[in-house]
Structure formats: structure tokens, C-alpha cells
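Here is a short briefing on pockets, core packing and salt bridges. Keep the model in view while reading.

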Amino acid sequence: MKKAVFYESEPWETKHLKENLKGYDIKGIEQRLSLSNVGKAKDAEVLGVFVWDKVTKKILDKLPKLKLIVTTSTGFDHIDLKECKKRKITVCNAPSYGENTVAEQAVALLLAVTRKIVESVERTRKGNFSLKGLMGVDLKGKTIGVLGTGKIGKYFCKYAKAFEMKTLAYDKYPCKATAKKLCFKYVSLNKLFRESDFISLHLPYCKETHHIINKKNVKKMKKGVVIINTARGKLIDTEALLWGLKKGIIGGCGLDVLEEETAIKEESELLKLGKAKQRIVKEERQLLKDKRVLVTPHNAFNTIEALTRIMETTVENVKQYYKGKAQNVVK
Ligand SMILES: NC(=O)c1ccc[n+]([C@@H]2O[C@H](COP(=O)([O-])OP(=O)(O)OC[C@H]3O[C@@H](n4cnc5c(N)ncnc54)[C@H](O)[C@@H]3O)[C@@H](O)[C@H]2O)c1
């Protein structure tokens, strides 16, 4: 029987995999993949991972039988694709499980920041019903800059339209028909930064998009801009974000993802980091203390509907690969 090992697999997910991948030897491990537990997958042909499971060269060295990696996520920047290619390991993702799901979280964060929802609730829980300092701003009539008009970005643009916002967008591969249908306009990055009251990021992380929000770009932004990031932490230079908040250029942020989110979650990870990354974690801790900043724990995908779609896609990714018709292959 082909052995398939899934890391960060909740018991209900492992049950779903076992029920739907009959004929495979399925093992679900609730922990995150690491050098200390990769041995549990040493005979595996299939490896299941999520965004926090870093599939590095060192990890791959321990998996000599591996043929297929299925990531239960859209993003795949946690997998060393070059190394996989060298070893002829196929990598498949779940490309379209939650475009509305993630866009809904982006809207939720935008509203939570602009209407100071968290601070309001914290107050009333303490019996304090004062409105002092809780004045917000409308979304209607404001300009929103959307970076990335792929599956999630498009949904976000739809929601922006429903709120009667003016939408400016930036994408390496613009889709004019979508822009017409959803009433948004593609502009240069500079124009987007100059004119947006709010900015929402929906780009994949890669070399080109690394720190697309940097100090140089923050300087171009409108005073009081609100930045929402539900895509990837490394799209934003954390130092530049803190600087922008300090200078009052950035009025608030809603972040579902952080630059060093694995390390900030686990103290043991922090000790393994070099000085530069430790500095980023320190900066992230400063962000967490700032009332203008709302951080959620990479939770945008986390709805019952999206998780069910992920499991269905993952099962199909494995089945199709073994039928010789690999689907959702990332390169
Ligand atoms: N927080 C979460 O839980 C969560 C869940 C799912 C996805 N995500 C993130 O959201 C990202 C976007 O997802 P998606 O499904 O919309 O992806 P997608 O591939 O459908 O869309 C990405 C868009 O970015 C554009 N793009 C790519 N490289 C670019 C570049 N260098 N410059 C400008 N534009 C570029 C593409 O043309 C495309 O339109 C994912 O890559 C993932 O990192 C986060």
C-alpha cells in the first residue's frame, strides 16, 4: 500500500482522508513537520503539509521515497520547489478553495479597523460604554487599492463595489474584462499608493513581491491609510510598517499574516533564528501592542466550507496523480 503522511492534520481531517483514500496507508500527524518528526514519514510516497510545514532540502533528504507533496493551501512558498524538481517530486496545491473565504476576512479586518470594533468590544466587556475615541470612518466613497486581482482579489473587488468604494487595482497580468465587470481601474503601483485610503494585499509571495510594502512606498501613501494583509507576511517590511505607524502615515492595519509568523507563535522557533529575523519578531510584538493594529493568526481560510473544499481537492490531487493525470501542479 502506498504510504501517505499528512502533517498538521486534525483528527477529523485524517478521518476524511482515510475514508476517501481507500487503498492508501494514511497516517495523520497533528504536529507541525520538523526535522525531529520527519522520521515518521520516512517511507512515505505522499507528504501532506500546510503553510507552516517548511519543506526544505534537509527535510527532503530524509524522505527518499517521496513522489508527491500535497499542500492543503493555495500558497506554496513554504516548499523548496527547486529541490523538488531536482528530485522529480510533484507538488500540488489547493488553488481555489476559499477565494470568497479569504476576501471575507479581508473585509472583516477592514471594517474592524475602520470602526474600531475590537476596542469597542473590549470596552463594553468592562462595562465601559463611552464613545470617546471610537469615531470611525465610512467605507462608502473611499478609494481602496487592491494589489493582486486573482481569485481572492477579484472577490475582494466585488465586495468593495458593494460598499460603493472606488477601486484601484494593480496586477502583473491585468484582466480588463474583470475590471469592466467589477467597475475597477488598473493603475500603476505609484498611483495606487498615492490615492488609496485603504490598501488590501492579495498577491502571492515571490522574489518580485518581497516587501512590496516598504519604506519607500509607505512614504508615497496617503496620511491615515489602512493596510490589510491576508496574503503573505513577507509582502510587508515590518520595520517600514512600524515606521509608517509611528509617523502617522499608516492609520491602522489588519494583518492575518506576519513576516515571521512561525517564530512569533513558538518560542522554540525563535531561538533558531538569526539576528535579523529575531529583530522582525521583536517588531511584530510591538505591532501586537498597538491598538491601531489588528492581528489574526493566519485564520482567513478557516471556515467549515473552505476546509471541506480543501480536503476534497487534496483527496483528488492524490487520486489524479496516481492515475497519471496530476492536477493542480505548481511549478
Ligand atoms: N491568509 C490565508 O489564509 C490565505 C489563504 C489563501 C491564500 N492566501 C494568499 O493569498 C494569495 C493570493 O491568492 P489567490 O488565490 O488570489 O491567488 P491567484 O494566483 O489567483 O492571484 C494572484 C494574483 O497576483 C498576480 N501576481 C502574481 N505575481 C505578481 C507580481 N509579481 N506582481 C503583481 N501581480 C502579481 C497574478 O497575476 C494574480 O492575478 C496566495 O498566494 C496566498 O499566499 C492566504
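Helices α2 (57–61), α11 and α12 (267–271) each supply at least two residues of the lining of the second largest pocket. Helices are DSSP runs of H or I with at least four residues, strands are E runs of at least two, and both are numbered from the N terminus. This is a predicted model: local features need pLDDT of at least 70, side-chain atom pairs count only at pLDDT 80 or more, and totals for chains, interfaces and linings use all residues. Residues are numbered from 1 along each chain as its sequence is written, and side-chain values use heavy atoms, without hydrogens and water.

**Pockets**
- A pocket is an open set of points on a 1 Å grid over the protein atoms alone, where a 1.4 Å probe fits, with protein on both sides within 12 Å along at least five of seven lines; lining residues have an atom within 4 Å of a point.
- The second largest pocket has a volume of about 980 Å³, the volume being the space filled by probe spheres set on the points.
- Of its 33 lining residues, W52, K54, T56, T262 and E269 are the closest to the centre.
- α11 gives the largest share of that lining, 3 residues.
- The largest pocket has a volume of about 1,200 Å³.
- It is lined by 43 residues, with T74, H202, L203, P204 and Y205 closest to its centre.
- α4 (99–114) and α6 (151–162) each supply at least two residues of the largest pocket's lining.

**Nonpolar core**
- A nonpolar core is a set of buried Ala, Val, Leu, Ile, Met, Phe, Trp, Tyr and Cys residues joined through side-chain atoms within 4.5 Å.
- Buried means under 20% relative accessible area, exposed over 50%, and partly exposed in between (1.4 Å probe, protein chains only).
- The largest core has 34 residues, of which L147, I213 and M221 touch the most other members.
- α10 gives the most to this core, with 4 residues.

**Salt bridges**
- There are 17 salt bridges, each a side-chain nitrogen of Lys or Arg within 4 Å of a carboxyl oxygen of Asp or Glu.
- R87 pairs with E83 at 2.9 Å, N to O; R87 is partly exposed at 28% relative accessibility, while E83 is buried at 8%.
- R123 bridges to E119 at 3.6 Å, and the two are 4 residues apart in helix α5 (residues 117–125), about one helical turn.
- E283 and R279 meet at 2.7 Å, N to O, and both lie in helix α13, 4 residues apart.
- Shared partners join K57, D61, E83, K86 and R87 into one salt-bridge network.
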